[in-house]
Amino acid sequence: MNVNVSRWILVAYGLYLFLPLYWLMSMALRTNADIVGEFSVFPVAPTLANFREIFVNPVWYQAFGNSLSYVAINTLISLAVAIPAAYVFSRYRFLGDKQLFFWLLTNRMAPPAVFLLPFFQLYSAIGLFDTPLAVALAHCLFTVPLSVWILEGFFSGVPTELDEMAQMDGHSFIYYFFRVFLPVNRGAIGVTLFFCFMFSWVELLLARTLSGAETKPIVVVMTRTVSASGLDWGLLAAAGVLTVIPGVLVVWFVRKHLVKGFALGRVS
Amino acid sequence: MLEVVDVDLKGAEPAGEGFAHTFLPGEITVVLGANQSGKTDLCRLIAGLNTRATGRVWLDRQEISQLDSRRRSVSMVYQAFINYPNLTVAQNIGSPLRAQGIELPAREARVADIAERLSIQDYLGRFPHELSGGQQQRVAIARALAKQARVLLLDEPLVNLDFKLREALEVELRDLLHASNTVVVYTSSDPRDAFSLGDQLLLLDGGKKLQSGKPIDVYRQPVDARAMGLLADPCINELKHEAREGALRPEHVFFADDLALRGRSCIAFELTVIACETNGDESFVHGEVAGAQWVMRCDGIRRPRLGSRVSVKALEQDVIWF
């Protein structure tokens, strides 16, 4: 009896979570007339026209390309900077290390809006405005500290004896770092990649301000799709579906390590 | 031959105050000391790892104190089971050979040979986390042996294993280590290791050298109560007799009616029994003698009544006077 009740609650909650996703998907497969017309749970005449429009119209597919390019640059820079930094924080004690480490996290406490103006003016002045690198670097301000924190937690869980053993075996540091240390921590790197990706992919404010006509990201295009004939519901929904997919893919690859990542790697 | 000179294990003494010790090849030197006595620091100093200990290290008449740990002919086995988690057992054992630039066929032959000596030849394709604790430590020992270094440091390698496994591996280790002409340094806090493994014994206390020599000699003539205590199981019994201070080992205290005492000159004491424990084979009787805590170890099951006063004796020759 009890088992049955809890199972039904679970099913109901699952449906509740799934409903908006389903509705998004169903809208993406309908024409505008169908969407604003009579209520129906299933699309009356399913069509892929909305998706076709996105893959044919440069405004849409370039927006996806723009988003993906600055997200990729951001993720790469964040990992390239945070991996060595986290290694040093986990292995060495130096003057002010704890303060520096905490200061890194305080960067996360500032809302992105605070940095809008300085970034905009600075990037305009040095000609970085309206390039993928502009958004990527601005996002690094938030993703690098987060990455260092997550990675440091994971790296500290690897005993220093392992480093020493590789030394005594006669291996160079480079060999140890790339053949042993990074493979051992691949879960941690996957989780960090996920957090960088997710921040950069959904962040709207900095992305909108620092991108011009050449580099409009998808989140910006989506919020501006109002034409003379009103909102293009179906097209927006299709873009929404395509926006969700990369996130789902990344989560799928790091699902095993994700919980530990949310605890910043500090679960034994 | 490995020599350490002017060693200060706590890094707190002024230079020139440290101790010196020489380790000979082909012998196992057991370094015995309590926790925090500096055993691990001594190993790390010899291996060239980060440590608070200071001192100079000479290997075969060449000073290696400044040499990077990568270039020292030293290998080490840790107390925790440390292996490369992402490499198979075979790759783990072959790791130092790979660093030496030995080609794959030769490497595989050496790995197979060493794995067989440590009876882990069936697990070569597995990963360390798929093995039991004892097998993981065997892999670590195999890797240390594979390097064929002139110095092998074993830092309490068996302390995390259960005791049956420990005894089995200890016997194997002794034969394995004696077969090579290596300087073997084996740290432990268990006096039994000193006798079962050690050709030489080095006693450490509070970062300083207490005494060294053959285990039996150190046992017979400890320099002071601390040295004697390190080799006693569980601890020594201090006594005062005719204005002299001395100590007795637990196994040298007998009940007054013991046959071993007949016709020999003895000293008698009165012991108030506080607690008894037995494991069937031997019994430990804890008590008080003239204000001092004593413990006696005797064969078989002995259970004197708690609180009773019993007469105990010790042979005069067994008392160590300081």
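The questions and answers below walk through a predicted model of a complex, with its confidence, a sheet, a helix crossing and a chain contact.

In this predicted model, local features need pLDDT of at least 70 and side-chain atom pairs count only at pLDDT 80 or more, while totals for chains, interfaces and linings use all residues. Residues are numbered from 1 along each chain as its sequence is written, and chains are lettered from A and ligands numbered from 1 in the order in which they are written.

Student: In which helix of chain B is confidence lowest?
Tutor: Confidence is given as pLDDT, the predictor's value for each residue from 0 to 100, and chain B has a mean of 90, with 100% of its residues at 70 or more. Within chain B the highest mean, 95, belongs to H2(B), whereas the lowest, 83, belongs to helix H5 (residues 163–178) of chain B.

Student: How many bridges join E14(B) to E15(B)?
Tutor: Strand E14 (residues 266–278) of chain B is joined to E17(B) by 7 bridges. On the E15(B) side, the bridge partner of Thr278(B) is Ser283(B), and the hairpin has 3 residues between the strands, with Gly280(B) at a positive phi near 95 degrees. E14(B) and strand E15 (residues 282–289) of chain B run antiparallel, and the bridges that join them number 6.

Student: Are H1(A) and H13(A) parallel or oblique to each other?
Tutor: The axes, lines fitted to C-alpha atoms over the stretch in contact, with angles from 0 to 180 degrees between N-to-C directions, come within 7 Å and cross at roughly 125 degrees for helix H1 (residues 2–28) and helix H13 (residues 233–254) of chain A. Angles under 35 degrees count as roughly parallel, over 145 as roughly antiparallel, 65 to 115 as roughly perpendicular and the rest as oblique. H1(A) and H13(A) are therefore oblique.

Student: How many residues does chain A give to the contact with chain B?
Tutor: Two residues are in contact if their C-beta atoms, placed from the backbone, lie within 7 Å. By that rule chain B gives 18 residues, and chain A gives 13.

Notes. Helix = DSSP H or I, 4+ residues; strand = E, 2+ residues; numbered from the N terminus. Pairing = 2+ DSSP bridges.
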